[in-house]
Every structure is written in C-alpha cells, then in structure tokens.
Amino acid sequence: MSTPMRHGPSQQGRTPSQHPAATPQASTPFSNPQTAAAFSPHGPKSSPQQFKKSPATGNMASTAGGAAANFDSPSAAAAYNTLGMSINDLNLDNISVGGLVAPPGRTDEEDRKKRMEAVVAALWAQNSSRVSSEGLERLAKHHLGLDCLLEPVKGTENAKILIIGGQTMAVEVGITNHIVHKAELAYTESIPSLDKHVDKASAILLKDLSLAPGQSPLTKRLTQFRANLERLATLDKLSVSPGLNCHEAVAGIWESLERLHRWDVQKLREDPALSNVSDDLLRVFALCLRHGCPLMHVRGRIGLSFDYWKERRKLASTTVDTEDARTWGILIECAAASGMVYSPVRVSDKWIGADIEKSHPTAEEMISATGPILDWLEPANTLLPNSDEVKVEPGLEGAVGLSGPKSPDVIFMATFDPPVVVSHAVAMEIYKISATNTPMSNVTFDALMFPITNGSSYDPSEPREIIFTQTVPTFTGVLHGQSQPEPILKAHRNTLFIYKPVYGQVLQHVPFSHPKDLVMMLPLLRQFAFLSLLLTNSLKPREGKPTAKEADKDNDIRVPRTRRDEFADFMSQTESDKNKNDNNHGDSSEVVKVDITLTAHPIPRLSLVFPFKSYTANILLEIQMGGRVHIVSDNIFSQDTGTTQDGHRRTAEHWAHALETMEDIGAWIEVIKNKLE
C-alpha cells in the first residue's frame, strides 16, 4: 500500500500580492538555460547557427524554466492559418513534458514525435475536421479504431465508396469530389428489433454529412457525424461475438417501453374527457403524465431517448416529434462496468408482460400502489461463452469464474438529457432507485440553477437575490374576444429571493439494471424539470424572442459599466435626450415588480407577490411530483366570479391548470390581472 504524499501549503485563495515575486531574468545571451548550455565553455560544442529561427517560428507554450516549443517549419504555422484558428485556440498551455515542450538539450526524433502527437490530439479536441474521404477515414480508423475500406467506383470519375465496419455494424458512405451523396447503416446480423430502425439512423447519418443549401464543401464539418459514429462505435466495442450485441440490448428496452407507451395511450383514449383529443396530443399526455415515451433516433441523435417532459405539452400543435420545443429525456446506452459491482446488461425484449398490467397483484402491491400495477418481468441473464484464451490451473477446472459461461462486463447507463438540477434529498432518492451511492455535494441548488458570476462575492449561508426584467408578450384583446394579431410586450422586473439555501446536485449519469428503475424516477424528474422551466422563463433571457424597451432599459442599468461605456452613451445622445432625467429611466411605472421566493426543500415552493388592484397579491405555489401545480394559499382567487367553458365557476385549481399550460409566471400574472382586476 502506498504511503500518502505530503503536500505543501495550499496557495488557493491567496491574492497575487501574497505570492513571492519572481526576479525577471536579465536580457543577456546566457539568460536562457538552453542558450547558456550551448555557448558555455563546459557545454556541448554547438554552433550558434543551431539557434537561428525561421521567420515562422513562434512560441507555443513555456515552462517555469523558460523553455519554449517552436514550430519546426513555416508550413506548420501556415497550416493553422489555413484552418482559420490561432495556436492559442488549441488550449495547449497545460501540455507539459512529453507533450509539446521538449526537455532542455534534447532534439531527437522521439521528442519531435511526442510534440506532434500532442498537436494532433489538440486538433481532435477542437473537433474541426472537414467532410472528405480522407477525413472520414482518419476519424473511423485512427480515432475510433474501426476498420475502413476505401474503393473507387468504376466508371465514375472521382467517386469512391468508404465502408466503415465493426464487429456488429457497418456504415457505407458514397463520396464524389468530397461531397457525400449516400450514407447507409447496416448490421452484420438480421435482427428484427434493429432492422425496423435502420432507415431512420441512415437518414440521420446522411444529413450529418450532406451539404446544406448554399454550403461549401470547405465549411462542412464532421462534428455531428463524429458524435453519432462514436455512439455506434461504443456499442460495437462493448459487444461480444457471439453472445452479446449491445445494439440489440438497447433495442429490446425500446420494444418493452413502446408497448407500455401504446397501452398508456389506449387508457387515455378511454377517458371521456379526452375523447376529442387527437392521437398525437394523447401521446404527448402519455409522455408527460404517464410512463414516458421511448423514441429511437430522434433530434439528430442516433440512439434511444426515453422522453418524460416537453415544453408546451398542453398545446394542440405539440407532438412527441416536435423539435422546436424543449424536451427532457433519458438517453439509454451501454457502458463498461470498469470494476463497478452492478447488475450486468441483459439482452431481451420481454421486460414487461404482454398485458402490461398485473391481473392478480398482491395485497402489498395494492396498498403501496399510487397508479396502475405494472407486470414487470425479470429476463434471464445474458451469459457469454467461455473464451478459449482463458487458461485454467490443473485441478481448478470446475472453479466458479474460471470456466464455463460468464456475465458480460457491461452495464446499462442512463444519461439525463439535459442534465437535471435537483435538491440533494431528491438526488439521494434517484440514486437509491438505481442502487448506487450518492455523491457528495457542497454546492447549493440556487447556485447550480443560476451560477455565480465570476468575481462576485457569495456566501451559501446568506440569503441571495437575483433580479431580471422579463419581457412578457400579452394578448389582452384576445382575452376580451377581440382580434389581436401581434402581442403587446410588457416588462416584469422579477426578483428571486432565496432565504433558505439547500444543497443541490446536477443529475447527469446513473447506471440502471431494469427499465422499471427509470419509470420510478419520472415523477421526481418531472417535478424539477417543470420547476427549472418556470425559473428559466422568468429569470433568464430567451434567445430569438422580442424584448420590450422598458425591459431592455431595466436590465441595462444592472450591467456593470465602464467610464468608456458611459462616455459613448453620452456622446450618442441627442439634445432632447440630454434634457431628460436619466436617473429615473429604469424605474418606469410601466414595469411590473414581481417578487418570487424560492424554497427547494422538502417540496419546491414559489411565493409570488405582485401589485393587484389597490393592494398586493400574494400566491403560494407548490410544484408537486409529476410537475403538477398546487396553489397552497392566495388572497385573490376567492374574488373570481368568472366561469369556465363548461359553465363551472373558476377556482384556484383552474388557475393552477392555467399555469401548467402557460409555463410562464409572467404571462400567468398578466392573465390574472386582465381577468380579475
């Protein structure tokens, strides 16, 4: 067992003035250690001509001793200019010995090779390769370790066929003059659960490689294709032939979850209140309210996505395939166990019974159930045949683990897309479902939702305040039965208060052994997905959306400004602008002030305070499991004398459903003010 190393005092938190200042080297011919060694009488007999630099030579990275790595020829520097990037864009500063910086006094081929490998690795990290036959071959063979075969097409000039193959799949790419016109995915075995999705995967690969209208071949990158090919290559490398096909294992989970999704849609169709709802919207309801929706090869990504939440989920125009609405899903993949003691992957499409729901549940299941009792099954373990390469000691032929079939060293991995910010208590529940240990966290929930600005002071034990002026599009005319083609933009100055910070975590990856584990997580994930949607819509800018003039001014006054900015604004003013009182331009009476108080534990709650009639409205909201809104208390809805479309009197519950539909606190407040004031 190794002895722990003793480290010196940490320098973290010290100001620059606390560090001892280094004495600058004198500008003499012997300041540089390499130069001194070269010209010293006791050093190697080298000619000064060795240190003559070419015009293109430049410093790339430096060490504490002052040694620098230089380009060996003008063509190296010209290559970076051709790529449209500078050497500083490659993030090579931290590459030490064995990377770009050679040890002093060594200029052999080994060091040159190491430096070149570091440059190539940095270029790969930039993900800047262009679409071409050579670029595709380098990506597949050298970066992903797949087999490649490039053949010319007879009878067609400059046309080639590139076949990228692994042990379980192959991708055939047709290229003419570096322009891709064909991309097809095929599996080495004909498996029905895979064959039904292969056309969608091929279409995504072709779109990744095809030129957009008006795009030049010189600007088409391999970025998207590389990501999808890496996913295929990962499953291919984890597969073991014969015995384990990871592509088939993922497709088997889709088969079971798809049967569950169709059963959910059928149950929703039996509800009389939903008899007039389209099948597409019923699928969205099943996605957000029931047991999710599995989708294979969607949103430009090859693989299985188990979607559980969607923006604008209650609008008739939304479908499960709508790509312009934010979607929350779980990417189901395979990963190497890497020493993790966990249930290995199983290849099956029988994870749930044919009838979906249990016909004879136990008494314990009926007492603890909060919904339908599903008939989950436990497929048989997937075992790999014994390898001939395994050598068994004499007398141990029957020992467990040394002979006979064995379990694969592969597990199922769930990747949250996008990652979900939850409280630490909820993270513990998620990891408990997956039977893994909860990692520790020392970051608060609000700091994960709204990261601390660099340079600003922050004390997690102190209350925090976040201010953002939101632009709210309103349709006042439509609410009163009038025609209004364009919205009226209003400004809301939203102030978020966090008085009781709690620790939080960002859920990114979690292993699982059975798809029922993912289904059990959905209510908690929906709860915090909807909370993040409400907070984001109220306190973060929306790209591509129009903004109110008052909102822009109100946000501008909170942006740190330099004297140069203030002088530029002063010089751009007209004579009439200079006569106005600029001190009050951000306190316009047209800006509605809304105070939001967040409590993340034990149940997420939002307290809303805003001007209403001649007094102040106060509404306490609770975001429950499943993304449901419950109004705990209020002082305005008891005055509501309006009725719904079916003639019933509006209650607080109806207003809670309205917020679930709008997904925007500002728009919800505007409707309340227009209806009740």
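**Figure 1. Met 571 is exposed in the predicted model, as its relative accessible area of 53% lies over the 50% cut-off.** The model shown here and in the following views is predicted. Met 571 belongs to helix H16, which covers residues 563-572. Together with Phe 567 and Phe 570, Met 571 makes a nonpolar surface patch of about 350 Å².

**Figure 2. The largest cavity and its lining.** The structure holds 1 cavity of 30 Å³ or more. The space in the largest cavity amounts to about 40 Å³. Its lining consists of Phe 445, Asp 446, Ile 498, Lys 500, Pro 501, Val 502, Leu 598 and Ala 600. Sorted by class, 6 of the lining residues are nonpolar and 2 are charged, with no polar residue.

**Figure 3. Salt bridge between Arg 464 and Asp 446.** The two side chains meet at 3.0 Å, N to O.

**Figure 4. Salt bridge between Arg 313 and Glu 663.** The structure holds 23 salt bridges. In one of them, the side chains of Arg 313 and Glu 663 meet at 3.2 Å, N to O. This pair links distant parts of the chain, 350 residues apart. Arg 313 lies in the loop between strand E8 (301-310) and strand E9 (327-336), and Glu 663 in the loop between H18 and helix H19 (665-676). Arg 313 has a relative accessible area of 4% and is therefore buried, the limit being under 20%. Glu 663 also counts as buried, at 3% relative accessibility.

**Figure 5. Salt bridge between Arg 542 and Asp 664.** The side chains of Arg 542 and Asp 664 form a salt bridge with an N to O distance of 2.3 Å. Arg 542 lies in the loop between helix H14 (515-539) and helix H15 (549-556), and Asp 664 in the loop between H18 and H19, so the pair ties together parts that are 122 residues apart in sequence. The two partners fall into separate accessibility classes: Arg 542 is partly exposed, with a relative accessible area of 32%, whereas Asp 664 is buried, with a relative accessible area of 6%.

**Figure 6. Salt-bridge network of Arg 346, Glu 378 and Lys 516.** Salt bridges with shared partners join these three residues into one network.

Figure 7. Gly 642 is placed in the loop between strand E19 (628-634) and helix H18 (652-662). Its relative accessibility is 17%, so Gly 642 counts as buried under the 20% limit. Along the chain, Gly 642 and Leu 676 are 34 residues apart, and their C-alpha atoms are separated by 8.6 Å.

Figure 8. Asp 417 and Pro 418 are joined by a cis peptide bond with omega of about 0°. Pro 418 is found in strand E12, residues 410-423. A cis peptide bond also joins His 601 and Pro 602, where omega is about 5°. Pro 602 sits in the loop between strand E16 (591-599) and strand E17 (605-612).

**Figure 9. Positive phi at Asn 158.** Asn 158 is not a glycine, yet has a positive phi of about 60°. Asn 158 lies in the loop between strand E3 (147-152) and strand E4 (159-165). With 46% relative accessibility, Asn 158 counts as partly exposed, because that class falls between the buried limit of 20% and the exposed limit of 50%.

**Figure 10. Positive phi at Ala 435.** Ala 435, a residue other than glycine, has a positive phi near 60°. The loop that holds Ala 435 runs between helix H11 (424-433) and H12. Ala 435 is exposed, because its relative accessible area of 60% is over the 50% limit.

Methods
Residues are numbered from 1 along each chain as its sequence is written. This is a predicted model: local features need pLDDT of at least 70, side-chain atom pairs count only at pLDDT 80 or more; totals for chains, interfaces and linings use all residues. Side-chain values use heavy atoms; hydrogens and water are left out. Patches are made of residues with over 30% relative accessible area and no salt bridge: like charges are joined within 9 Å, nonpolar side chains (Val, Leu, Ile, Met, Phe, Trp, Tyr) within 5 Å. Accessible areas come from the Shrake-Rupley method with a 1.4 Å probe; for residues, only the protein chains shown count as cover. A salt bridge is a side-chain nitrogen of Lys or Arg within 4 Å of a carboxyl oxygen of Asp or Glu. Helices (H or I, at least four residues) and strands (E, at least two) are DSSP runs, numbered from the N terminus. Buried means under 20% relative accessible area, exposed over 50%, partly exposed in between (1.4 Å probe, protein chains only). On a 1 Å grid over the protein atoms alone, a cavity is a set of points where a 1.4 Å probe fits but cannot get out, and a pocket is an open set with protein on both sides within 12 Å along at least five of seven lines; lining residues have an atom within 4 Å of a point. Grid points are joined across faces, edges and corners, and a volume is the space filled by probe spheres set on the points. Ala, Val, Leu, Ile, Met, Phe, Trp, Tyr, Cys and Pro count as nonpolar, Asp, Glu, Lys and Arg as charged, and the others, Gly among them, as polar.
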